[in-house]
Each structure stands twice: as structure tokens, then as C-alpha cells.
Amino acid sequence: MEAALEMAVQSNILPAAGPAIPRVRTVWSAAFIVAHRRYFLWAQVIPAFLFLEFALWAPTTNTRNRWAVISLITILTMVLIDRPSLQRLGLRLPKTFGASVVLGVSFVAILLMVVLVNLVGGQIPANQTWPVVRTVWGYVIWALMQEFILQSFFFTRFEELYGGSAAVWIAATLFAFAHLPSPVLTTATLIGALFFCEMYRRYRSIYFLGIVHAMLGLTIAIVTPNSVLHHMKVGVGYLQ
């Protein structure tokens, strides 16, 4: 009788205790993954930004070019390791409404810049020999690359770490910081990047952002004297 009772108690205890261990392990495993994912994201962001800064501040052109290549390879490698979707990278075509908002705001910004320069008596174009028309397409490609770096790489990682609203400010601040010591470009890129990051957060496409980025950049080059703009160079190039 006692043996039967003992077997009955054991049979009631063991099934109840069995599922509890996997649940505990699952919780700890999820916490472990989340914690180490944060470290992994920072291990991507910090080297990438440092390499970009080296590419801007290295003393010689050859060294800056080497760091630029290293930066690009590092960012692309980290993107491939993460294996994100096209939607996360912003490589899908934007919706019509999103594209309309981006283009509409950019046209207003361009008009305001031209009007303000006229009001203060500035000359348009401010530089007679620059920018050169044949280099415009190269600048458009460079603007798209910048938006990929800013949005598809930095913004998405800060978004995962801190949420979309905070990521807008963090990514935009880093982007502006990368344009030091140019006062015009640092100010303009902070304002512009806040807009670009917010539009990316809402509509998730870099194509129109890259086009608008190029349009605004070329407008700044047209209305700002080169004595202030220094051919839109940043980093050590601005000082040379």
C-alpha cells in the first residue's frame, strides 16, 4: 500500500515539474540573446564610425582613401552578416505618398534657401566655376551611398537599440558630427538628417532620400560662397 502511494505521488510530481525547466531555460536564453545582441550592435556601430572618422581626418589623401575603403567594406560586411530584409534596408521603392512628402518638403527647402540668399543680397550662383554640371551624377551616387550608411546601417541599429524616435536624433547627430569642422554643412546636415531619418522611419526607402539629399546639397553649393564652403569638404580637407 505504501509503495503504491509513493508511486502515485511520484507520478503526480514528475509530470508537473518537467515543463518548468524548459520555460526557465527559454527565458534565460532569450535574455542572453537580447543582451548579447546589444553588444553585437555596438560592436558594429563603434568601429564603423571610427573608421569613417579616420577616413575624414587622416593626414594624407592616400591614407584617407584607404580608410574610406576599409569603412565601406566593414559596413557592407556587417550588413551581410545581419542578413536584413530589403524592407529593413530601405531598398524597396517608396509608396507614392511618402515620395510626395519627401519631394514636397525638399522643394520648399530649396525655395527658402534661394529666397533667403536673395533677401540678404547674396549672389546666385555664388561660385562661377563650381559645381561643375558633369559631376552632378557622381554626387547623386555619393548622396545615395551616404543615405545607405546613415539609414540602412546606423539608423536601423540605433532603432533596434533605443526605438525609432531616439534613433532619429542619435543618427542625425552622428551624421552632423561627421561633417565637422564645416559650420555650414554641420548645421545643414543636422537639420537635413533629422528630416531624412524621420522620413526613413515612416516610409522606409532610401531612393528618394538620396535624390533629395543630392538636390539640397547642390543647392547649398550654388548659394554658398566657396570661401565658406571649401568645396563642401569636411574633416581635415576643410582645413587644408
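I began with helix 6 and helix 9: Val-136, Tyr-139, Val-140, Ala-143, Leu-144, Gln-146, Glu-147 and Gln-151 of helix 6 meet Tyr-207, Leu-209, Gly-210, His-213, Ala-214, Gly-217 and Leu-218 of helix 9. Contact here means heavy atoms within 4.5 Å, and helices are DSSP runs (H or I, at least four residues) numbered from the N terminus.

A note on the source: this is a predicted model, where local features need pLDDT of at least 70 and side-chain atom pairs count only at pLDDT 80 or more, while totals for chains, interfaces and linings use all residues. Residues are numbered from 1 along each chain as its sequence is written, and side-chain values use heavy atoms, with hydrogens and water left out.

**Helix 6 and helix 9**

I looked up the geometry next: the axes lie 8 Å apart and the packing angle is about 125°. Axes are lines fitted to C-alpha atoms, for helices over the stretch in contact, with angles from 0 to 180 degrees between N-to-C directions. That angle makes helix 6 oblique to helix 9; oblique is what remains once angles under 35 degrees (roughly parallel), over 145 (roughly antiparallel) and 65 to 115 (roughly perpendicular) are taken out. I sorted the residues of this contact into nine nonpolar, five polar and one charged. In this scheme Ala, Val, Leu, Ile, Met, Phe, Trp, Tyr, Cys and Pro are nonpolar, Asp, Glu, Lys and Arg are charged, and the others, Gly among them, are polar.

**Helix 7 and helix 8**

I then turned to helix 7 (residues 164-177) and helix 8 (residues 183-203), whose axes come within 8 Å and cross at roughly 150°. The two are therefore roughly antiparallel.

**The largest pocket**

I found about 1,500 Å³ of space in the largest pocket. Its lining has 50 residues, with Gln-146, Phe-175, His-179, Thr-189 and His-213 nearest the centre. Helix 8 gives the largest share of that lining, ten residues. By class I noted 34 nonpolar, 13 polar and three charged residues.

**The cavity**

My search of the whole structure gave one cavity of 30 Å³ or more. About 60 Å³ of space lies in the largest cavity. Helix 5, helix 8 and helix 9 are the elements that give two or more residues to its lining.

For both searches, on a 1 Å grid over the protein atoms alone, a cavity is a set of points where a 1.4 Å probe fits but cannot get out; a pocket is an open set with protein on both sides within 12 Å along at least five of seven lines; lining residues have an atom within 4 Å of a point. Grid points are joined across faces, edges and corners, and a volume is the space filled by probe spheres set on them.
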